[in-house]
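Please read them with the structure open.

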Amino acid sequence: MRKKVVVGNWKMNLLRDDAGHRIGQLKELIGAKCGTECDVEIGICPTFLSLATAVDASRGSLIGIGAQDVFWKESGAFTGFLSASMIEDAGAKYVLIGHSERRGRFGKLEVPESTLGFFAETNETVNLKLKAVLGSSLVPIVCIGENLSEREAGDTDRVIGEQMAGAIEEVDASDLARVIFAYEPVWAIGTGKVCDSVEANRVCGVVRQCLPESVRDVIRIQYGGSVSPANAQELFSQPEIDGGLVGGASLKPEDFMQVIVAASSV
Ligand code: PGA
């Protein structure tokens, strides 16, 4: 049985004090509900600058802290980037790779089109990052998902297949076992338009079929995209969905706690 994993992605939100405060609140809520053990794995990915604060605030709790991106080189002349070992050194446990916003795939365009190249993550860079992270102790969370026009064109499974093949190219099956995948349909992210649970389950099954048979059954696949206290239980009760990657609803500790509880009751 795969342990459910619920991770909050705080994106570009919250200054350090606020981040630390909210981790503290979540820690209390989890402590009150679960004590020292929980059947759900819990993570929060704050901004890079809040990593150390969040790690400190989470000490003695069941919350693992994660970064939202990583560069694949270990060190050197790469202005503005951070390596897996630097993220590890900050005390993080998880790192997101290939989030659709980093791939320049926005549900509704949030940035001028001419700047999209800035978010130039590709299947190839996702693969480089995954390989680099697997050389550290961090747990990678690899994000994949189709956008609205791909879905409407009936291209969802092909896009997922390509993103998965690109992401895991030349990665040993034994290393893949600790990777978490997050199926996040771009059109469902931040829109309140959650993917129908049966369809989300089907696509998570497609993701699973892209994995080597030897580790297929142990790898966890999250759903992400407008997960909320209202829909979490329905999503997490699907057999292929092993938890969620949660944006907006993770910013409020009470809401995020409800999503965690929804994962634990199925
Ligand atoms: P959302 O974001 O829950 O706000 O839709 C999910 C994500 O982008 O990971």
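1. Buried here means under 20% relative accessible area, exposed over 50%, and partly exposed in between (1.4 Å probe, protein chains only). By that cut-off Glu 41 is buried, with a relative accessible area of 15%. The residue sits in strand E2; helices (H or I, at least four residues) and strands (E, at least two) are DSSP runs, numbered from the N terminus.

2. This is a predicted model, in which local features need pLDDT of at least 70 and side-chain atom pairs count only at pLDDT 80 or more, while totals for chains, interfaces and linings use all residues. Residues are numbered from 1 along each chain as its sequence is written, and side-chain values use heavy atoms, with hydrogens and water left out.

3. What does the side chain of Glu 41 make a polar contact with? The partner is the side chain of Arg 220, at 2.9 Å. A polar contact is a pair of N or O atoms within 3.5 Å; within protein, one must be able to donate a hydrogen and the other to accept it, and residues adjacent in sequence count only if both atoms are side-chain atoms. Leaving out residues up to four places away in sequence, Glu 41 also touches Lys 3, Lys 4, Val 5, Val 6, Lys 93 and Tyr 94 (contact: heavy atoms within 4.5 Å).

4. Helix H1 covers residues 16-34 and spans 26 Å from first to last C-alpha, close to the 27 Å expected at 1.5 Å a residue (1.5 Å times one less than the number of residues). Ala 19, Gly 20, Ile 23, Leu 26 and Ile 30 of H1 are buried. Seen down the axis, the buried residues of H1 fall within an arc of 125°, so they line one face of the helix; the arc is taken from the directions from the helix axis to the C-beta atoms. Asp 17, Glu 28 and Ala 32, on the other side of H1, are exposed.

5. Strand E2 (40-45) is also one of the elements against which the buried residues of H1 pack, along with helix H2 (51-58), strand E3 (63-67) and helix H10 (253-264). Just after H1, Gly 35 has a positive phi of about 70°.

6. On the ligand, a polar side-chain atom of Lys 11 lies 2.7 Å from a ligand oxygen atom. Backbone atoms take part too: an N or O atom of Gly 190 is 2.6 Å from an oxygen atom of the ligand, and a polar backbone atom of Gly 247 is 2.8 Å from one.
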